[in-house]
Amino acid sequence: MNNHLKALRESRGWTQGNLADQLGVSRQTVNALETGRYDPALPLAFRIARLFDKPIESIFIPDDADVTTER
Amino acid sequence: MHDQGPMVTRILDTYLATPHTWYMTNKLDSNDHSAGDRAVARSYQLDFWPGIAAYAVVLTAVLLWGDLDGSSPWRFVWAVLPVIPSLWIVRAVLRHAKRVDDYQRLLLLQALGGGFAVAMVASVTVAFLEIAGMSFVGIGWIIYGAGMLGWIVTSIVVARR
């Protein structure tokens, strides 16, 4: 899954550490989110959406593989 | 009275166009730990290091007065004494796992899984070699070392992936 987290964070002038503290996660987790290595669980995704005052779907963009139902 | 607005705007424009912007961009990309990271690390250390210190004290006592090579039945009690501070260390790791966020818990679980897998493979390998007639001294320590090494290596690999 892709996301706009880095752009949103930088638009607020926050470091990864600032954002991590506001979300209650580690800086390592913020870095993993921004680089797409980790997709957040729903509670964290909602916290991110609330913090940036944006809907979840405008922050996180699913890949084709995320939305396909084939296994 | 003069309108100060355009002058303030010019000052702000100049300020934002200076290397300050360049500095901030780099600052935003810094790898500094957050305040939350430091708090979690501090809590873990407060849990972990007393266990290590107690382990060192008990181990020293066992080596000095345990007489593990002797014939006293108490030597078995002395031999298992270091397990008590070891349990404290296990408690510290479990409390740390509860304290960290989901992603860090995933990394911790993967690292522990790597260590467990290496320890299991080591124990099975040693067991088959023993069946084949090979003898080992300090077999438990070999498996312990393999497991710890597996844990450490997997921790580094999953954190850098």
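In which helix does Trp78(B) lie? Trp78(B) lies in helix H4 of chain B, residues 74-80. Helices here are DSSP runs of H or I with at least four residues, strands are runs of E with at least two, and both are numbered from the N terminus.

Before going on, the ground rules. This is a predicted model, in which local features need pLDDT of at least 70 and side-chain atom pairs count only at pLDDT 80 or more, while totals for chains, interfaces and linings use all residues. Residues are numbered from 1 along each chain as its sequence is written, and chains are lettered from A and ligands numbered from 1 in the order in which they are written.

Back to Trp78(B). It counts as partly exposed because it has 18 C-beta neighbours inside 10 Å; buried means 20 or more other C-beta atoms within 10 Å, exposed means 12 or fewer, and partly exposed is in between, with C-beta atoms placed from the backbone. Leaving aside neighbours within four places in sequence, Trp78(B) is in contact with Val62(B), Gly66(B) and Leu68(B). Contact means that C-beta atoms, placed from the backbone, lie within 7 Å. From Trp78(B) to Tyr44(B), 34 residues apart along the chain, the C-alpha separation is 28 Å.

Now chain B as a whole. Its secondary structure comes to seven helices and zero strands. Of its 161 residues, 11% count as buried. Among contacts between residues at least 6 apart in sequence, 69% join residues at least 24 apart.

Next, H3(B). Its 31 residues should span 45 Å at 1.5 Å a residue, and the end C-alpha atoms are 45 Å apart, so the two agree. The expected span is 1.5 Å times one less than the number of residues. Asp67(B), in the loop between H3 and H4 of chain B, has a positive phi near 50°. For context, most residues other than glycine have a negative phi. Asp67(B) is partly exposed, with 13 other C-beta atoms within 10 Å.

How do H3(B) and H5(B) cross? Their axes come within 8 Å and cross at roughly 170°, H5 of chain B being residues 83-99. Axes are lines fitted to C-alpha atoms, for helices over the stretch in contact, with angles from 0 to 180 degrees between N-to-C directions. The two helices are therefore roughly antiparallel, the word for angles over 145 degrees. Residues meeting there include Tyr44(B) and Phe48(B) from H3(B), and Trp88(B) and Ile89(B) from H5(B). By class, this contact has twelve nonpolar, four polar and three charged residues. Ala, Val, Leu, Ile, Met, Phe, Trp, Tyr, Cys and Pro count as nonpolar, Asp, Glu, Lys and Arg as charged, and the others, Gly among them, as polar.

On to the two chains together. Their contact takes 15 residues from chain B and 17 residues from chain A. On the chain B side, H2 (19-28), H3 (35-65) and H6 (102-131) each give two or more residues. That side has five nonpolar, five polar and five charged residues.

Last, the largest nonpolar core, which has 13 residues, with Leu19(A) and Val25(A) among those with the most contacts inside it. Such a core is a set of buried Ala, Val, Leu, Ile, Met, Phe, Trp, Tyr and Cys residues joined through C-beta atoms within 7 Å. H2 (16-23) and H3 (27-34) of chain A, together with H6 of chain B, each supply at least two of its residues. Not counting residues up to four places away, Val25(A) touches Ala20(A), Val30(A), Leu44(A) and Asp101(B).

Methods
Two residues are in contact if their C-beta atoms, placed from the backbone, lie within 7 Å. Angles under 35 degrees count as roughly parallel, over 145 as roughly antiparallel, 65 to 115 as roughly perpendicular and the rest as oblique.
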